[in-house]
Amino acid sequence: MEEREYIKTGSQVYWRTLFIIFLGSMAAFGAEYCVQPIIPVIAGSFGLNAVQGSLAVSLGLVGMSVAMLFIAGLAPRFDRKLATAAGLIGAAILTILIGLSGSFEVILGMRLVQGLLLAAFPSLIIAYINEEFEPFNVGTVIGIYISGTTVGGLFGRLVVSAVTDLASWRLGLIAIGILYLAVGIAFYLLLPRPRYRRQRPQGGLQLGRTFRTALQDKRLLWIYLVAFLIMGSFVAVFNFISYVLLAPPYSLSQTVVGLLFVVYLFGTFSSTYMGRLSDKQGNGRVLILGLLIMLTGGLITLLQPLLFKFIGLAVFTFGMLGSHSVACGWVGKLNKGDKAQSSSMYMFFYYAGASSLGTLGGVFLEGYGWSGVIGMVAAAVSICLLVVARLEPAVKQHLLWHH
């Protein structure tokens, strides 16, 4: 077997790499979701309804999901470091331009391109983690990466919401875009060059063969379905909770609504904790636990008092981001080929669910109120539980691959 050179756990390079991956994930997911808490404000300024306003988030996610298809085929050819850094820098520039745009149609176009650029980051950085870090520690590192996505999502939403109240949503996007640009440049300068030497493919792209290979493992297909449903549910909840909280009887300010995204910190803990737990206990069992927590949190948000809305969102976020960490790590463990290809396919389904269910939730909101949104989410999570309960015994031998 070929000798592999990994980043040594606990070394100075190890900690530096963890830190810059954490920062990069903050910028990537902050840029992708910074418009989410101000959907009602953007919709109001352009005279749009809830479903139309949600397109400001969904188009970015459509861009990410479409790009994932091509990244799955192109992944073996990509320089992990260059592609991820370029995506961060390009997305930051577009965040600034969105804040300057006076046309909602142009904003949607830029969000689509922004999603295309950002798509390189999640799939390739997960591949980088699988290739560069020691196998027994991959679950922990992926958990730290996902915790960076939660902190980035929280920080971006807080900054944009606060500046929206103080000045305007446009200035909020410009300010956060400048910060993300600085992070993107630092990411390129500080991330270690990959040590793992991949054999680059010869000939054409052969995307058809790539997709067939990535989709022929039924175990992975079931996990891709879980990714589709949990992320779609997550985006639907956070796309439309702002409408509930800005309206009577709560009538909260935009800044306070932004502060509610502090629940992302619960996901920061759960993604790392459950990722580490999956390395010890097995992904299937830990994923079922995460899904049950997610379902419980969603149902709690149906209670009227504002405190229960917050508690429900916290529990829901804890369960979802923990589940994502476990499912994402599971894909890397089961796939013995190019890690970026399976990661890209996972992320394709992940963001396809976000863009479709994230908008469909608006239909349920307008037709049935908040209970309609949660009803859709409960159905999606219940399907996930059935899938994982059936899948887990079939792959039990793979869960102990690292022992």
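The model is predicted: local features need pLDDT of at least 70, side-chain atom pairs count only at pLDDT 80 or more, and totals for chains, interfaces and linings use all residues. Residues are numbered from 1 along each chain as its sequence is written, and side-chain values use heavy atoms, with hydrogens and water left out.

**Overall composition**

- The protein chain contains 17 helices and zero strands; helices (H or I, at least four residues) and strands (E, at least two) are DSSP runs, numbered from the N terminus.
- Of its 403 residues, 59% are buried, where buried means under 20% relative accessible area, exposed over 50% and partly exposed in between (1.4 Å probe, protein chains only).
- Contact means heavy atoms within 4.5 Å; among contacts between residues at least 6 apart in sequence, 85% join residues at least 24 apart.

**Helices α4 and α6**

- The axes of α4 (residues 80–100) and α6 (residues 120–132) come within 9 Å and cross at roughly 150°; axes are lines fitted to C-alpha atoms, for helices over the stretch in contact, and angles run from 0 to 180 degrees between N-to-C directions.
- That angle makes α4 roughly antiparallel to α6, a term for angles over 145 degrees.
- On the α4 side, R80, A83, T84 and L88 take part in the contact, meeting A120, F121, L124, I125, A127, Y128 and E131 of α6.
- The residues of this contact comprise eight nonpolar, one polar and two charged; Ala, Val, Leu, Ile, Met, Phe, Trp, Tyr, Cys and Pro count as nonpolar, Asp, Glu, Lys and Arg as charged, and the others, Gly among them, as polar.

**Two buried residues**

- Y224 lies in helix α10 (residues 218–246) and is buried, with a relative accessible area of 1%.
- The C-alpha atoms of Y224 and Y350 are 7.2 Å apart, although 126 residues separate the two along the chain.
- S58, in helix α3 (residues 50–74), is buried at a relative accessible area of 2%.
- Not counting residues up to four places away in sequence, S58 touches S355, G358 and T359.

- Most residues other than glycine have a negative phi, and most peptide bonds are trans.
- S251 is partly exposed, at 47% relative accessibility.

Terms used: Angles under 35 degrees count as roughly parallel, over 145 as roughly antiparallel, 65 to 115 as roughly perpendicular and the rest as oblique.
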